[in-house]
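Visitor: I'm new to this one. Could you walk me through it and tell me how you know what you say?
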Amino acid sequence: MVVAVVPFALGFSQQRPKAAPADDEFRKTIQPFIKDFCLPCHTGKASQAGFDMTLIKKQADLAKYKRQWQSAAARVLESTMPPVGLMRPPSTKGKAFADAVYKIVGTPPASKPPMKGVSIRRLNRAEYNNTIRDLFPGIGLSPADDFPSDDVGEGFDNIGSVLSISPLLMERYIEAAETIAEKAIQLPGSNVRVFGPENMEVSGGANSEEVIGMFANASAKFEVKITTPGSYRLRVKAYGQQAGKEYAKMAVALDGKRIAIFDVKSIVIPSNYEVPIELETGKFAIELSFINDYYAPNDPNPKQRDRNLYIQGAELIGPIGIAPELPASHKAIMIATPDLANPNPAAEKILSTFANRAYRRPLTSIELGRLMSLFQSAAKGGEPFERGIQLAVTAILCSPNFLFRTELDANNDRARPVSAIELASRLSYFLWSSTPDTELLNLAKSGELLKAGVLSEQIKRMTSDSKSKSLVENFASQWLQLRKLETVSPDPEMFPDFSESMRTSMRKETEAYFDYLLRNARPVTEIIDSNYALVDERLAKLYGIPGVLGSQFRKVTLPDKMRGGVLTQASILTVTSNPNRTSPVKRGKYVLEQILGDPPPPPPPGAGAIEGDTDKIPTKTMKQRLAKHRRDPNCSPCHLKMDTIGFAFENFDPIGKWRLKDGEFAVDTSGTLPDGTKIQNALSLKQVLLARKDDFVRALAKKLLTYALGRGVDEGDKPSIERIVSETKSKEYRLNAMIEAVATSPAFLTRRS
């Protein structure tokens with residue numbers, strides 16, 4: 001906290017006038033405190049922050065500048081004033097001084113932002129992909145990978161207030177819905193596999209989205225996987241640009257053996273060229289080649305100068321006479337067989353069942369009527385039953401009822417307990433980043449989910465399920481800022497151990513660690529410190545841990561606890577460093593912000609870089625290079641805290657490798673926190689953090705509740721947060737206990753207006 005410069009001087013008169021009754025608190029407490037502890041820094045023209053405290057005369061001067069004095073009292077309470085190295089007041093005197101100031105000028109007004117709920121929230125990219133995965137078993141698509149990136153609010157990308165829809169995103173939704181429906185639901189006789197230019201490996205030709213151009217002898221190859229042996233037909237769509245005495249010739253080869261040659265007589269408009277193939281199970285390579293290139297640039301007839309072949313794509317049809325194997329997604333959706341005379345009842349059953357899951361609530365009769373209209377429009381056009389279902393499923397996937405999580409009712413202006421259906425959706429997207437499964441929906445429909453015992457059992461079941469890996473990938477990776485790891489670029493000359501494989505191992509280590517805490521009911525305090533690590537061979541070598549071979553992550557007991565916990569993992573140490581050096585500032589800020597929930601204010605304008613910031617070989621120790629910021633009165637209050645914490649990690653280089661020197665200089669990990677606590681290294685810092693474990697648990701509870709609710713927490717959530725902290729403490733600080741406490745908190749079980 002920084003006390004702003006104010007245009008007045010404070011000090012002591014040489015002769016103490018008789019105090020007026022109103023000045024008693026000022027004379028008895030504030031003036032003696034200033035004389036004993038403030039004058040070394042606040043005397044004369046060189047006074048820190050412009051405060052000359054030698055000229056103070058009366059209590060009224062405090063009231064004139066209320067906010068500045070409130071700030072000064074707060075700094076005394078948090079032990080950032082007086083600074084380290086000067087005589088510091090006992091905590092009782094500091095508190096008495098602050099109380100006296102607050103009595104005169106008043107306490108800072110409590111910030112009470114309006115409590116607003118999130119009633120409608122778009123699925124983010126991870127939630128969309130996971131929901132498609134669970135609605136369409138085995139489909140193998142992740143369409144949201146091509147969607148625009150989600151905006152981030154409150155540190156997470158699932159915050160309702162920032163999840164808008166752009167025209168581009170709406171286009172992507174429509175394209176994805178059509179692709180998903182067509183792949184998930186098989187049309188009758190659709191045992192046809194299509195291979196476009198994008199599916200082929202071209203050698204000697206030019207490949208575009210629409211066509212492969214072969215302007216010299218060239219080839220295009222693709223692979224087919226056969227699970228059902230039998231007779232197939234290969235159909236190639238091609239045309240030629242003719243010249244010379246021959247047509248363009250296209251050869252077809254199967255696993256390197258030529259099985260057909262075609263004269264491609266079509267010009268501009270493509271024709272189909274078919275060849276029968278007998279195939280067993282396995283993988284086969286099909287190659288299409290242009291084998292009679294002709295080029296006569298001097299021919300007087302321009303049309304006779306060049307012969308080329310163009311291939312638009314290929315289809316593999318079959319096996320002939322055998323019904324195609326229906327995909328798992330088709331079987332999951334098509335749960336009723338239509339009566340040819342009246343297919344409507346089967347369609348209603350299929351669509352209502354699917355829409356109930358996609359909308360995460362019971363379908364209304366009006367909504368079912370609209371879907372049936374789409375189905376019937378296909379039937380009127382002579383389309384097969386399955387095509388009508390495809391159209392209706394496409395509409396469902398484009399509906400706001402699918403794309404948004406809604407909690408709307410007739411009394412939308414009042415707070416209320418969430419319904420069982422709404423709770424199922426909140427729970428599944430919190431723990432799985434996906435739609436509720438059948439068991440959860442059935443319990444919600446019956447109302448059983450609202451019973452405390454049933455809810456607790458479901459939380460245990462869901463956190464044990466493999467789908468709770470999403471809590472690691474989406475909550476932990478954002479809270480711990482692992483996603484920044486994808487964009488960091490340590491200097492390759494200075495840190496040759498860093499590679500793309502190392503980047504992957506770093507991320508997986510931290511995710512595996514959080515997952516281990518969840519699966520094994522470990523205390524959240526092990527995020528700060530533990531006597532074990534989970535590493536693969538690559539990280540073990542970086543850490544100097546012997547006897548670890550292979551890419552599998554495994555638990556190893558550490559000879560000392562310096563590496564225990566998350567803060568000394570390579571991922572965190574790398575994202576809090578610069579490309580060419582460590583950053584005590586970033587590392588200190590990370591601990592304050594992510595671990596203690598006490599982020600420092602933004603740096604003042606013109607703070608600038610540290611000395612020698614771009615030097616590959618440092619010419620001063622890190623403490624010397626940061627000294628300028630620590631001396632600057634506008635910077636020192638924050639740097640005293642951040643730097644001391646950050647220096648504790650100086651034994652770890654910018655990619656987390658242990659070191660004793662930074663260039664030619666011995667690293668110095670010692671320091672003193674503003675309250676006088678001595679820090680020797682990362683291990684002693686961890687002990688300080690563990691002494692404040694309730695602050696850490698509270699900070700983590702806020703982050704977890706923010707992620708679970710999809711909104712920022714505010715004053716109204718304080719009772720829920722304290723309840724989460726209390727329940728976590730009562731259950732030995734276990735991570736799964738904290739997760740259950742969040743999911744059973746009043747904030748999670750209540751829908752705000």
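This is a predicted model: local features need pLDDT of at least 70, side-chain atom pairs count only at pLDDT 80 or more; totals for chains, interfaces and linings use all residues.

Visitor: What makes Asp-536 and Arg-538 a salt bridge?

Guide: The cut-off is a side-chain nitrogen of Lys or Arg within 4 Å of a carboxyl oxygen of Asp or Glu. Here the closest N and O atoms are 3.8 Å apart, so Arg-538 and Asp-536 qualify.

Visitor: Why is Arg-538 called partly exposed?

Guide: That label covers values between 20% and 50%. Arg-538 comes out at 36% relative accessibility, so it belongs there.

Visitor: How many salt bridges does that rule give?

Guide: The count comes to 40. One of them joins the side chains of Lys-686 and Asp-529, again at 3.8 Å from N to O.

Visitor: How do you know whether Lys-686 and Asp-529 are buried or exposed?

Guide: Set each value against the 20% limit. Lys-686 has a relative accessible area of 1%, so it is buried. Asp-529 has 5%, so it is buried too.

Visitor: What about Asp-695 and Arg-698?

Guide: Their side chains also meet in a salt bridge, at 3.8 Å from N to O. Both sit in helix α24 (residues 693–709), and because they are 3 residues apart, about one helical turn separates them. Asp-695 has a relative accessible area of 28%, which means partly exposed. Arg-698, at 24%, is therefore partly exposed as well.

Visitor: Which residues do salt bridges with shared partners join into one network?

Guide: Arg-233, Arg-235, Glu-274 and Glu-315 are joined that way.

Visitor: Why would such side chains pair up at all?

Guide: Side chains of opposite charge can pair when their charged atoms come close.

Visitor: And away from the charges, which residues form a nonpolar patch on the surface?

Guide: Ile-267, Val-268 and Ile-269 do, with about 330 Å² of accessible area together. Ile-269 is in the loop between β9 (257–264) and β10 (271–279).

Visitor: What makes Ile-269 exposed?

Guide: Exposed means over 50%. Ile-269 reaches 63% relative accessibility, so it passes that mark.

Terms used:
Residues are numbered from 1 along each chain as its sequence is written. Side-chain values use heavy atoms; hydrogens and water are left out. Buried means under 20% relative accessible area, exposed over 50%, partly exposed in between (1.4 Å probe, protein chains only). Helices (H or I, at least four residues) and strands (E, at least two) are DSSP runs, numbered from the N terminus. Patches are made of residues with over 30% relative accessible area and no salt bridge: like charges are joined within 9 Å, nonpolar side chains (Val, Leu, Ile, Met, Phe, Trp, Tyr) within 5 Å. Accessible areas come from the Shrake-Rupley method with a 1.4 Å probe; for residues, only the protein chains shown count as cover.
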